[in-house]
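Subject: Structure handover

Hi,

Here is the structure I promised to pass on. Have a look at it first, and then read on for what turned up.

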Amino acid sequence: MAYDEADREVERAEQDASFPHRRSEEIERVVSASSVSTSSSSGSEGRASRRGAGMSRISTQRDLERHPTELSRIHTQRSQHSGTVGRDVRSMKSRESRKPLPPFGAGKAYPPVLPDQEEYVVEFDGPDDPLHAQNWPLGKKIFTAAILGYTTMVSAFGSSIFSAATRAVAAEFKVGTTVALLGVSFYVLGFAFGPTLWAPLSELKGRRLPLVIGMFGMSIFCVAAATAKDLQTVLISRFFAGFFGACPLAVVAATFSDMFDNRTRGIAITLFSMAVFTGPLLAPFIGGFIVDSHLGWRWTSYLVAIMGFFAFGLVFFFFEETYPPQILVGKAAELRRRTLNWGIHAKQEEIELDFRELVAKNFSRPMRLLFTEPIVTLLSVYMAFIYGLLYLFLTAYPFVFQGIHHFSAGVSGLTFFGMIIGQLLAGLTVLLQQPWYQRKLAANNGVPIPEWRLPSVIAGGASFAVGLFWFGWSGYRADIHWIVPTLSGLCTGFGLMSIFLQSINYLVDAYLMFAASAIAGNTFLRSLAGAGFPLFSSYMFEGMGIQWAATLLGAVAAVMVPIPVVFYLYGHKIRAKSSFAPTPPPMAGQALGRDSDGSDATGEKELEGVAQGGVRRGDSAV
């Protein structure tokens, strides 16, 4: 399948940013062209070369060679700018008007052409500029990461706490429990559509504004759900709570990548993933105790609203912008105010939004990848099945522990800690693999081989299937101690986290500049599965019985285990035939630069901005 023009433009810019094999005498020219060439700055290369005569070639060359980190960040900025929605060359040309220019007005002639705008573009002051988020003190980074981790956990927590309230909601509004479960499904459905807004907004206006709006909106709609007088208001409010609550899921991973370099980014992203997947499992026991108390089901939404408003306050008062282009926007605004020079600006301020490009980058391209790329299609189906089962467990566990063992809703929710511990063990395992992965990366000149990620996915898939069989055949009889099906969660939780974390990393490594679109399609499909699976779970477990329903699900999980095996064996051949999975230039492995801290310089570049989850190549966990 051939690329369209926008895809080709992004790929050219990304490859230029990814594989910096320039000679040292050309280094000062990189600075003068720190963003990709666009129609609004056509001819800037020629002007840059004219200015080069007046530049101190020796001084600039020496400074940059001393700081390869600055070179890496220059390439990162070029990549970010080229990938940002509204900055595509073709779309900018499409906006050019063919109508004659209107008069300037008041009898004035058109003013003379301004000087080269590159001279007025603000930049970071070297690799140690304290404005850059990667140069923040460690304590500030940890505090910011804690805020973001809590924010993410609240969003995920809100998706599942309503499951404990479904019986009470069904009784109050006189509907079936399946209809009441739509409160969970609609919230997760919001996760599918929310990133189409929050991802491009985060690359246009930075990370802080979407997080502030998202947490405030989620909290407001949780209050609306808690005070609703009819079921339709509950369901609509839950959908929009999920839509706004999707913001941290789409933005926080990219924010961690803004703050942490390659040495520490893997730990941060792994902890973020744990917050995403443990949040839904922490909620059922809390919701169960609330529903069983005098507070009633409405307080499941009030609690999420309170937690959301607290997260909103933390983000509003304590979170500082981390997105480098937006930091430069703030720097330019301060310089304009203090120098009264209206020409000073950041490259990000040259962007004009184009609706067609917005649709292409955030919907049409992800869908093309989802339905035309075998790797994206099969992995997305696999991950959608696993993610759907995560929310199906919200119904399946009560069948076992409330129906068979006669636990209360709150005590039944405590059995999810088996899965939580399994997920924590998977995250720890991935972190312990980091030295092994870094050695392989160093031995390959810093060029990652995507298939290195897949052994963990294969092991996780086998563990997940075993956990399903274990759960079904130990949970359908009351004479089998309740701890036995609870311990099955160790296998299912371990498998779920291993599959998700390393599958996402595989997509990032395989698709590079199109990884964000690949993950966007993946997120859309798995969110639909997460919304749909709970709706048939009760019919399935009641009609087939616990043991046979779990056997069917375990058999499907076992059938899907060969998917990562096939990609492990033949993934390189499949990628070679792909229209979207790029291959580095022949000398890329030898030309790749290294950061001053020893990390891979190419890991700093952005992939396609931060669309749909803001994933960069450096965002991979190990």
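Let's start with a pair of helices: the axes of helix H22 (residues 454–475) and H25 come within 8 Å and cross at roughly 170 degrees. That makes H22 roughly antiparallel to H25, a label used for angles over 145 degrees, with under 35 being roughly parallel, 65 to 115 roughly perpendicular and the rest oblique. The axes are lines fitted to C-alpha atoms, for helices over the stretch in contact, and the angles run from 0 to 180 degrees between N-to-C directions. On the H22 side, the contact (heavy atoms within 4.5 Å) includes Phe-464, Leu-468 and Trp-473; on the H25 side, Trp-548, Leu-553 and Ala-557 are among the residues involved.

Before going further, a word on the ground rules. This is a predicted model, where local features need pLDDT of at least 70 and side-chain atom pairs count only at pLDDT 80 or more, while totals for chains, interfaces and linings use all residues. Residues are numbered from 1 along each chain as its sequence is written, and side-chain values use heavy atoms, with hydrogens and water left out.

Now the overall picture. The protein chain has 28 helices and zero strands; these are DSSP runs numbered from the N terminus, with helices being H or I of at least four residues and strands E of at least two. Of its 622 residues, 59% are buried, where buried means under 20% relative accessible area, exposed over 50% and partly exposed in between, using a 1.4 Å probe and protein chains only. Among contacts between residues at least 6 apart in sequence, 83% join residues at least 24 apart.

H25 (residues 546–560) has another partner too: H18 packs with H25 at an angle of about 160 degrees, their axes 12 Å apart. H18 and H25 are therefore roughly antiparallel to each other. Tyr-382, Phe-385 and Leu-389 are among the H18 residues that meet H25, where Val-556 and Met-560 are included in the contact.

What is in the middle? The largest nonpolar core has 124 residues; such a core is a set of buried Ala, Val, Leu, Ile, Met, Phe, Trp, Tyr and Cys residues joined through side-chain atoms within 4.5 Å. Trp-198, Met-218, Phe-256, Leu-389, Phe-393, Phe-464 and Tyr-511 touch the most other members. Helix H18 (residues 374–404) supplies the largest share of this core, 20 residues. A second, separate core has eight residues, including Val-122 and Ile-327.

Leaving aside neighbours within four places in sequence, Phe-494 is in contact with residues including Gln-423, Leu-425 and Ser-463.

Most residues other than glycine have a negative phi. Ala-106 has a positive phi near 55 degrees; Ala-106 lies in the loop between helix H6 (89–94) and helix H7 (138–160) and is exposed, at 79% relative accessible area. His-406 also has a positive phi, near 60 degrees. The loop holding His-406 runs between H18 and helix H19 (409–414), and His-406 counts as exposed at 63% relative accessibility.

Cheers
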